[in-house]
Amino acid sequence: MIAAVSHIFPVSNWDMFAYTAAVLEPEIPDPVQLHDRSFAIVKENISPGEFLTLTQDRDYRIRQYEDPAAFSTMLGFYRLKLGYIETLRALSGGMDPVKAMRLVSIASAVAIGLLLLVWLAREKALMYGPVVAAMLVIGDFSGSAALLSPDLYASAFLLLAAFLYIERQDVGAALCLLIALSIRPDHLAFIGVFFVFALIYGPGRWVMTATFILAAVAYQFILKDESHPGWWIHLWFTHVEYVPTLEGFHPPFSPLIYLQMLVRSTVRSMVGQNWLAALLALVIFYAKVVEPPRMAERSRILLYAVFTSICAKYLVFPHFETRFYFPYLMIMGMILLIAWHRQQEKTAVTSA
């Protein structure tokens, strides 16, 4: 249903211009032509009102629409999503990049739904489907599916990696983690934390060690080769100011400004988003209902790694939007739901 709604009522966002340009760059090296063609393609796919909003409703968007040089400085934020960009390029042989983005989002939504059904069926827990549906609603699944971004695409591979790890398919899980990294390189934080927990506790130790080494090397290659402006500039751009161009923009690092970012992002997470409340609810559920010694070892390791990585990611880059935490919340929710289900089964058998 979410996939159908996303197709019938697509959501438009400014990032469509930048991702379209990143897809077309090999074909159109001239910045002015690239700018004009990217905006023209997006204009063909949205209503006049939406195009006006995306190009005229604030100074930043006006500058990006009128100044190809300023627009080209922003592409470093988007080029590093190599897996996403290459997927769009492959699909663009039969459609324009905007339609390709919509297809990827819809396919990712369907894939996640099917994977969760398989996960429940594997554990003989399909009766908890409504609970999982509620978890999807709380995790802003519909918003992520409608938004043209790589978030849900990467989430599908992270969820598949979690499922495969629990199923003792370590190589498959590793491949999924590397694909997720190529789609959104910031998932390196989870891969790193997961590697540490696997190394300490055992299951999948060597495969996850190799995965982390490959991921770290790939991450350095991506950042170097794709001209990303850097962590602090990205933080500043996201939390302080949408500067019109990154040319010559090098704000000095400030611990005070970083703390202000954390405070503002935390407040926005509490007031306008669900992820922080959902994480707290999962922690309380774990503390009050789930018995850790009775959990499967791989599930327990994955649960601890996911929770720790959420905290680590937030400290490194305090995103306040729920969509950035969706796959991690769903993994935690599925692990705890299945653990509780198994406890209920064992209790019923013992009582009988």
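Reply: In this predicted model, the largest pocket has a volume of about 1,300 Å³. Its lining is made up of 40 residues, and those that lie nearest the centre of the largest pocket are H234, T238, F317, H319 and F324. The largest share comes from α16, which gives four residues. Sorted by class, the lining of the largest pocket holds 22 nonpolar, seven polar and eleven charged residues.

One of the contributors, α5, also packs against another helix. Helix α4 (residues 48-56) and helix α5 (residues 59-66) have axes 6 Å apart and meet at an angle of about 100°. Because angles of 65 to 115 degrees count as roughly perpendicular, α4 is described as roughly perpendicular to α5. On the α4 side the contact involves F51, T53, L54, T55 and Q56, which meet R61, I62 and Y65 in α5. By class, this contact of α4 with α5 has four nonpolar, three polar and one charged residues.

The second largest pocket has a volume of about 380 Å³. It is lined by 16 residues, of which M1, I2, G113, L136 and F141 lie nearest its centre. The elements that give two or more residues to this lining are α1 (2-8), α9 (97-122) and α10 (129-138), and α9 gives the most, with seven residues. The lining of the second largest pocket consists of 14 nonpolar and two polar residues, with no charged residues.

About 80 Å³ of space lies in the largest cavity, whose lining is formed by R294, M295, A296, S299, I335, I338, A339, R342, Q343 and K346. Helix α20 (residues 326-351) gives the most to this lining, with six residues. In the lining of the largest cavity, five residues are nonpolar, two are polar and three are charged.

The second largest cavity has a volume of about 60 Å³. Its lining is formed by D151, S155, R184, D186, H187, K313, R323, F324 and P327, and by class these divide into two nonpolar, two polar and five charged residues. F324 lines this second largest cavity and is also among the residues nearest the centre of the largest pocket.

In an unreviewed entry, UniProt lists residues 103-121, 141-166, 173-200, 270-289, 301-317 and 323-340 under "transmembrane region". Within the model, residues 301-317 are 94% helix and 0% strand, and the end C-alpha atoms of that span lie 24 Å apart. Residues 323-340 are 83% helix and 0% strand, with end C-alpha atoms 26 Å apart.

Definitions and conventions: Residues are numbered from 1 along each chain as its sequence is written. This is a predicted model: local features need pLDDT of at least 70, side-chain atom pairs count only at pLDDT 80 or more; totals for chains, interfaces and linings use all residues. Side-chain values use heavy atoms; hydrogens and water are left out. On a 1 Å grid over the protein atoms alone, a cavity is a set of points where a 1.4 Å probe fits but cannot get out, and a pocket is an open set with protein on both sides within 12 Å along at least five of seven lines; lining residues have an atom within 4 Å of a point. Grid points are joined across faces, edges and corners, and a volume is the space filled by probe spheres set on the points. Ala, Val, Leu, Ile, Met, Phe, Trp, Tyr, Cys and Pro count as nonpolar, Asp, Glu, Lys and Arg as charged, and the others, Gly among them, as polar. UniProt positions are given in the numbering used here, feature names are shortened, and annotations may be inferred rather than shown by experiment. Axes are lines fitted to C-alpha atoms, for helices over the stretch in contact, and angles run from 0 to 180 degrees between N-to-C directions. Angles under 35 degrees count as roughly parallel, over 145 as roughly antiparallel, 65 to 115 as roughly perpendicular and the rest as oblique. Contact means heavy atoms within 4.5 Å.
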